[in-house]
There are 2 protein chains.
Amino acid sequence: MGKVLIIGAGGVGRVVAYKCAKNSSVFTEIMLASRTKSKCDDIAADIKKDVGISIQTAKVDADVVPELVKLINSFGPDIVINVALPYQDLTIMDACLETKVNYLDTANYEPKEEAKFEYSWQWAYQEKFKAAGLTAVLGCGFDPGATGVFTSYAAKHYFDEIHYLDIVDCNAGDHGKAFATNFNPEINIREVTQEGKFFEDGKWKITKPHEIGKDINYPNIGPMKSYLIYHEELESLVKNFPTMKRARFWMTFSDNYLTHLRVILNIGMGSIEPINYNGMEIVPLQFLKAVLPDPGDLGENYKGETSIGCRVRGIKNGAEKTYYVYNNCKHPDAYRETKAQGVSFTTGVPAMIGAKLVLEGKWGGAGVFNVEQFNPDPFMEEMNKQGLPWHELHDVDLEMD
Amino acid sequence: MGKVLIIGAGGVGRVVAYKCAKNSSVFTEIMLASRTKSKCDDIAADIKKDVGISIQTAKVDADVVPELVKLINSFGPDIVINVALPYQDLTIMDACLETKVNYLDTANYEPKEEAKFEYSWQWAYQEKFKAAGLTAVLGCGFDPGATGVFTSYAAKHYFDEIHYLDIVDCNAGDHGKAFATNFNPEINIREVTQEGKFFEDGKWKITKPHEIGKDINYPNIGPMKSYLIYHEELESLVKNFPTMKRARFWMTFSDNYLTHLRVILNIGMGSIEPINYNGMEIVPLQFLKAVLPDPGDLGENYKGETSIGCRVRGIKNGAEKTYYVYNNCKHPDAYRETKAQGVSFTTGVPAMIGAKLVLEGKWGGAGVFNVEQFNPDPFMEEMNKQGLPWHELHDVDLEMD
């Protein structure tokens, strides 16, 4: 049906490539490219062995538009799945525009020199993609991604108006390391050390990092200490669901994890300001990334599971209603299937699903879209088929004031 | 009376230079040299302003013997005070031998690739210094240094046999930073993250890092949590006082400090194994040093004081006796006098005293010596004059089992 170019060969790229290969009637040709071709080759060899499908690999520096253009032109994909670094969203979008190819990513662009999560830079591409007749799907991992689809599914089927949304993201896994991040440490630490932010009564409210925290009960897991943090899908969801009175995002962090984060900041290793070290400009956080365990290597002994979902309160036919939709994903299951841990798995599978729906014509249109702007039903259907089964609870206590 | 070359322009080098300048009838010419000449110039300018004495400055790479030899030959010192890095002890000793100049340092040599504190490498220079008719004074800071003199003073005046020695090192200061080390972070972290070790019944006993800890009461400070760590003077003291049944070293660490250390190790930033970062071999601990606050900058707002001393138990005239000799040093006093904090001050002043005694002929002899091998009396006298007054308590509860 179509050709896909996947850019980025970390844990998520691995999962996307596996899942595309497992849907080879849709993804008839697959190329995996990254700065380090050997990583792509390793994944390709695993896929050949486990799935029996051959994928192509290539080296590309996603910071450099002409390199991207050259690769895209030579391979001729119908869609590019960008699971490289968020810094590289704009160069890849530029290359897609130049080569007239559809685009999909899992994390919003952020400038390297500032830890700032917002869609403004990518939404600014709306007119360009519209004029080119191309589809750009933004934020199609799990969160953002599945969480946006969950919300639009709730809105479509169960609510006249959504008033309160709490996205709850729990990782109850144990990777057995003293400290490691579940995805790119640089991006992870930038994200979780920023100020908290949530939407209430038409305004964004700021909190200190991890200022607001409480125990939340997760299905099959139990109570876990969860903290209010800012997460990028809140920005598009309050825009696309204007009846929202409040929207928040909660993520679990262990005391041990927070202690490590606090120390990393205290000692200056969380800084994104370069220092001069023996004549070389080095960003401490990037150096720390090189020292920390590779998140891609955590899978093998990763125990436990994740649970991510949306807790929604609103009205239907004049009556108040609550709704909770979620997926639980076991790290060992993810590893058995793709040699990646659950956090990579839950991000990579939705990216493949989004691309599949674009190729099948179920999602589309000219312009730049967040996932909640599309029809949620085929996506929800695919989640059940592709290894991310979801569950829903109606009129339960959402544990949210 | 004599010319002194000080190598090393950190906090300790600053204090040594100040104190030599304040004893200009003994140190008639002073040169301060380091890899970074501008640091020497800054100190020289401060000394000119505060003490009214001009000192010379020079650039030297203390890793390179010919550079050292050239500098020593051109200046012609009577003694070299080495307060550079412990890695550089041997090159500086080699240069002193080649140029026939006396030598003094404050910390034992350790190889860069292994955090190993022992005198073997430097004691191996015994025959060379003896043959050359030169004096090498090892470990003449506070600890090692004053602690060795305290012990020999106790042995000389109050004990027939010393049986139990506990060196207690308390820093009850507050520098107001979330985390900083009081001297070179690289050396500090190597030292405090190693296994604990103490001497008992003729054998060295190993503990896990910070395995043994307890509250110890320090004069004018009160109880502070103190941990048994290995410290280099134990090696020479049990050798030079063979009646010793047990010798231990205790140092205070706050919970916050230990948490930071634990995390630094967990995240791999305490490692001395180089990693390849963008084609450059970088030792994580050395990079961390570049990111952490410069210990030389801690002085200005440093509150509180240090207390370092020896708690001795043994026999005199057949009766058991206890003895506690210590110095307390207030960080603000140290800063007012030298613009350095107390940890630098307590290390630098004894180095100057040792060099003064060598120039005055009160300490000397051909060979390599630890400080407890010299007459302690003139050193103890100088401590009272030079800003490190000591106090003694007889037959008190040493709080040691």
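Student: Why is A:Asp46 called buried?
Tutor: Buried means under 20% relative accessible area, with exposed over 50% and partly exposed in between (1.4 Å probe, protein chains only). A:Asp46 has 18% relative accessibility, so A:Asp46 counts as buried. A:Asp46 belongs to helix 2 (residues 37-51) of chain A. Leaving aside neighbours within four places in sequence, A:Asp46 is in contact (heavy atoms within 4.5 Å) with A:Arg14, A:Tyr18, A:Val51 and A:Lys339.

Tutor: A word on sources: this is a predicted model, where local features need pLDDT of at least 70 and side-chain atom pairs count only at pLDDT 80 or more, while totals for chains, interfaces and linings use all residues. Residues are numbered from 1 along each chain as written, chains are lettered from A in the order written, and side-chain values use heavy atoms, without hydrogens and water.

Student: How do you know how chain B and chain A are related?
Tutor: Superposing chain B on chain A takes a rotation of 180 degrees with 0.0 Å of shift along its axis (RMSD 0.0 Å), by least squares on the C-alpha atoms of residues with pLDDT of at least 70 in both. The two copies are therefore related as by a two-fold rotation axis.

Student: What makes the copies meet through the same surface?
Tutor: 100% of the interface residues of chain B are also interface residues in chain A, so the surface is the same.

Technical notes. Helices (H or I, at least four residues) and strands (E, at least two) are DSSP runs, numbered from the N terminus.
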